[in-house]
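The following exercises ask the reader to work through a protein model step by step.

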Amino acid sequence: MTDLSRRIHDSGAVPQVLRSALYVMLLVAGILSVPRLGEFGVLPMTSLFDAWLILFVLIMISRGRIAAPGLLFFLAGYLVTRVVPAFVTNSPLEDFLQAYRWMFYLMVLAFAIRKKWGPVRPLVIVTWLLIGMATLKSILTSAVLGPNERPGLLTENNFELALFSGLVVALYRHIRHKFLIIFTLGTLTLLSGSRSGAVAFLILCLFAISQAQKASLLVKYLLACLIPLLVLIPLQIFASRNPEGGQIDRLNFFDVFLSETQKWTSIEWLFGTVPISPVSREGCDRLSFYQALFSTTGDGSCYSVIFHAFTLRVIFDAGIFGFLLVIWVVWFALRKSRVQRTGAIALVLIAISNGFSVSGFNSPYIMIPVVLAILTAARTNQYLSNCPKERLQSETQVNRQLDRKTGPRK
């Protein structure tokens with residue numbers, strides 16, 4: 001093994017067994033899900049993703065120093081200000097963990113900074129296979145069960161489409177057939193009928209257009225003409241999902257949120273409620289059709305998770321400060337790892353748009369692509385810094401060389 005390969009494998013590299021575990025987990029979940037038309041996959045992917053992230057943190061702790069100790073210390077201090085009041089008020093532990101999972105994900109980012117993934121090609125192949133299997137399942141479902149069914153490969157479309165779009169953004173410079181994967185994902189998005197998924201796909205397309213820097217003036221003009229057509233995709237899905245006279249359920253959540261916060265002081269708007277404060281009985285009753293999101297206490301009470309949308313939930317629990325904190329930490333971690341600015345913007349926008357509908361930054365389906373963007377960026381930048389001659393080569397050439405030079409340590 002060369003000195004370059006040894007430096008890449010040592011000091012914060014993600015071990016091959018952990019990388020392989022993610023690949024196997026995703027592929028097995030996808031393969032088992034394809035035949036189950038009209039149903040989701042059989043594996044609990046959210047729990048598996050969280051378990052993988054916990055294992056990642058433990059391994060990174062055991063492998064050396066943290067690149068951003070100040071950030072981690074700050075997040076730990078902020079978490080204490082959330083935990084202590086929740087402990088004093090005897091808040092249900094499971095509800096607290098559900099409300100503040102985003103704090104764990106932010107800490108994961110702090111551990112990921114300056115760490116390296118390893119060969120990226122297997123991750124690109126897995127991404128291709130996931131999007132392909134999801135599209136195949138959607139086509140089969142539409143043909144057999146009708147167009148109104150919304151099956152997901154791993155979970156609900158609202159979550160996994162954000163995952164797929166985020167993966168394509170994170171791995172974009174490593175993907176060879178960029179147009180084909182975007183076209184496939186666009187087909188999947190149209191078949192899914194997911195509004196938040198359509199917005200995430202639009203952000204991906206705008207990001208892809210921004211990367212056509214070496215294209216001719218004619219190509220750039222044609223790409224610019226595509227933007228209005230791309231906007232039609234989410235508009236069409238919004239129209240099909242909201243028939244005349246219909247009511248969007250997210251507006252119901254927003255109405256209850258406004259009712260709960262109408263008497264808030266400026267301090268509450270800034271820092272949120274005392275962790276974790278229950279929603280009023282009237283608010284819970286108005287959203288009783290989401291009884292599955294009620295408190296684990298079983299007494300009819302409910303907490304911020306009832307609002308469904310992360311943006312409402314985080315403002316209710318942690319205020320505007322908490323909402324801005326999440327965005328800043330994600331942006332800081334991406335840029336600290338030298339993720340391309342436009343890529344970082346796209347990942348943050350996908351997360352924010354998803355947070356207006358479902359879990360946003362509180363979901364591993366959003367944060368896994370962010371973690372992978374950080375890890376793969378660190379890998380390529382490390383290689384470039386050690387190989388001055390390769391600085392003049394294209395990123396694609398560099399990544400291909402690195403994939404040939406790196407591999408399982410012998």
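## Exercise 1: A covered helix

Task: Compare the span of helix 6 with the expected span, and determine how many of its residues are buried.

Solution. The model used here is predicted. Helix 6 covers residues 101–112, which is 12 residues. From its first C-alpha to its last it reaches 17 Å, close to the 16 Å expected at 1.5 Å a residue. The next step concerns burial, for which the cut-off is under 20% relative accessible area. By this criterion 11 of the 12 residues of helix 6 are buried, and the helix is mostly covered. Among the buried residues are Arg 101, Trp 102, Tyr 105 and Phe 111. Just after helix 6, Arg 114 takes a positive phi of about 70°.

## Exercise 2: Two salt bridges

Task: Identify the salt bridges of the structure and state whether the residues in each are buried or partly exposed.

Solution. The structure holds two salt bridges. One joins Arg 101 to Asp 50, with the closest N and O atoms 3.1 Å apart. Arg 101 belongs to helix 6 and Asp 50 to helix 3 (residues 45–62), so this pair ties together parts that are 51 residues apart in sequence. Both Arg 101 and Asp 50 are buried.

The other salt bridge pairs Glu 39 with Arg 36, and here the closest N and O atoms are 2.7 Å apart. Glu 39 has a relative accessible area of 39% and is partly exposed. Arg 36, at 32%, also counts as partly exposed.

## Exercise 3: A buried charge

Task: Find what the side chain of Glu 260 makes a polar contact with.

Solution. Begin with the location: Glu 260 lies in helix 12 (residues 249–261). Glu 260 is buried yet has no salt bridge. The nearest side chain of opposite charge is that of Arg 286, 6.7 Å away, whereas a salt bridge requires a distance within 4 Å. The side chain of Glu 260 does make a polar contact with the side chain of Ser 280, at 2.4 Å. Beyond four places in sequence, the residues in contact with Glu 260 include Val 279, Gly 283, Phe 307 and Phe 316.

## Exercise 4: The nonpolar core

Task: Name the residues with the most contacts inside the largest nonpolar core.

Solution. The largest nonpolar core has 119 residues, and Phe 56, Trp 102 and Leu 334 have the most contacts inside it. Helix 15 (residues 310–336) supplies the largest share of this core, 14 residues. Leaving out residues up to four places away in sequence, Leu 334 touches several residues, including Val 339, Leu 347, Val 370 and Ile 374.

Notes: Residues are numbered from 1 along each chain as its sequence is written. This is a predicted model: local features need pLDDT of at least 70, side-chain atom pairs count only at pLDDT 80 or more; totals for chains, interfaces and linings use all residues. Side-chain values use heavy atoms; hydrogens and water are left out. A nonpolar core is a set of buried Ala, Val, Leu, Ile, Met, Phe, Trp, Tyr and Cys residues joined through side-chain atoms within 4.5 Å. Buried means under 20% relative accessible area, exposed over 50%, partly exposed in between (1.4 Å probe, protein chains only). Helices (H or I, at least four residues) and strands (E, at least two) are DSSP runs, numbered from the N terminus. Contact means heavy atoms within 4.5 Å. Lys and Arg count as positive and Asp and Glu as negative; His and the chain ends are not counted. A polar contact is a pair of N or O atoms within 3.5 Å; within protein, one must be able to donate a hydrogen and the other to accept it, and residues adjacent in sequence count only if both atoms are side-chain atoms. The expected span of a helix is 1.5 Å times one less than its number of residues.
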